[in-house]
Amino acid sequence: MRLAFSTLGTPALPLPDVLRLATDNGFHGVELRAHPEEPVHPGIGLTERVDVVERFKDAGVEILALAGYPRMAESGDDEQVLAQVRSLLELARDLGAPYVRVFPGGGDAGIAESDATAVRRLGKAAPMAADLGVRVLLETHDSHRTGTDVARVLRAVGHPSAGALWDVMHTWRGGEEPRKSYDALAPYLGYVQVKDIPAMDDTTPLPPGDGVLPLAEAAALLPPDGPCEWLCWEYEKRWYPEVPELAGLLPRARAHMERLLDRDT
């Protein structure tokens, strides 16, 4: 498996600096937060897109995914949400990124209505993704934070270009043990996000291994030759500006992620 980190941990950092962090610390890829606050987002033009591709190629680093913010289960107009998804998918196509992350986001409606909305939207988004050579991944988050929740939606969608992103923190905080999460998500899994926190009711970011999340248990479930090829560290510096800078934590984070994937330890 290969290692990546998310630019949620490096808010608004210029792309050359992000790539320097990746190469200096031995990371194979980067998950790009695709938000207007960041250097890479759907609003950039063709020249900028070409520049992003060339910079990643020169650095020998891969773009793992574009982490977008469309909310697939949230009440509202389908077309507006699907337009956001399409813009992300087209950007991923242009940049050579295999995945686009989307959220559930459904909180106000009941579970049946949220499921139906997510299934309907993903059912339209998945063929778009297939045409563009990308997969759209629904993250375990919000109204669908367990693997069981996300798998229920994806099973109803039934399209190979609609998959899952397993955020270990959210499934654990949803009361789901890693084995149950993995078993539910395995048929759909794109990649896995790891992070760490001090306690169930305290989500302040910590380096992986310094908190309470069952990261070793989750990593042990991932077959070394399975279709899930990436482990990505998501450090929520953007939402917790008081925590230490990601750059100083990368060597320790990488070492711990490697230990998680070492089947002999």
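I count a residue as buried under 20% relative accessible area, exposed over 50% and partly exposed in between, with a 1.4 Å probe and protein chains only. The model is a predicted one: local features need pLDDT of at least 70, side-chain atom pairs count only at pLDDT 80 or more, and totals for chains, interfaces and linings use all residues. Residues are numbered from 1 along each chain as its sequence is written, and side-chain values use heavy atoms, with hydrogens and water left out.

**Cysteines**

I started with Cys232, which is buried at a relative accessible area of 0%. Cys228 is buried too, at 7% relative accessibility. How many disulfides are there? Zero, by the rule that a pair of cysteine sulfur atoms must lie within 2.5 Å. For Cys228 the closest cysteine sulfur is in Cys232, 11 Å off, so that is too far for a bond. I checked from the other end: Cys232 is in no disulfide, and its nearest cysteine sulfur is that of Cys228.

**Glu234**

Next I went to Glu234, in the loop between strand S8 (230–233) and helix H9 (250–261). My helices (H or I, at least four residues) and strands (E, at least two) are DSSP runs, numbered from the N terminus. Is Glu234 buried or exposed? Buried, at 7% relative accessibility. The Glu234 side chain makes a polar contact of 2.7 Å with the side chain of Lys195. For that term I take a pair of N or O atoms within 3.5 Å; within protein, one must be able to donate a hydrogen and the other to accept it, and residues adjacent in sequence count only if both atoms are side-chain atoms. Leaving out residues up to four places away in sequence, I find Glu234 touching Ser6, Leu8, Glu31, Arg101, Asp167, Gln193, Val194 and Lys195, where contact means heavy atoms within 4.5 Å.

**Helix H1**

H1 spans residues 15–24, and its buried residues include Leu15, Val18, Leu19, Leu21 and Ala22. Seen down the helix axis, the buried residues of H1 fall within an arc of 155 degrees, so they line one face; the arc is taken from the directions from the axis to the C-beta atoms. What covers them? Among the elements I noted are strands S1 (2–6) and S2 (29–33), along with helices H2 (46–59) and H9.

After H1 comes Gly26, with a positive phi near 75 degrees.

**Positive phi without glycine**

I noted Ala12, with a positive phi of about 60 degrees although it is not a glycine. Ala12 lies in the loop between S1 and H1 and is partly exposed at 46%. Asp142 is another non-glycine with a positive phi, about 50 degrees. I place Asp142 in the loop between strand S5 (135–139) and helix H5 (147–157), partly exposed with a relative accessible area of 32%.

**Largest pocket**

Last, I looked up the largest pocket, with about 230 Å³ of space. Of its 16 lining residues, Phe103, His141, His170, Glu236 and Trp239 are the closest to the centre. S2, strand S3 (62–71) and strand S4 (99–103) each supply at least two residues of the lining. On a 1 Å grid over the protein atoms alone, a pocket is an open set of points with protein on both sides within 12 Å along at least five of seven lines, and lining residues have an atom within 4 Å of a point.

Definitions and conventions:
On a 1 Å grid over the protein atoms alone, a cavity is a set of points where a 1.4 Å probe fits but cannot get out, and a pocket is an open set with protein on both sides within 12 Å along at least five of seven lines; lining residues have an atom within 4 Å of a point. Grid points are joined across faces, edges and corners, and a volume is the space filled by probe spheres set on the points.
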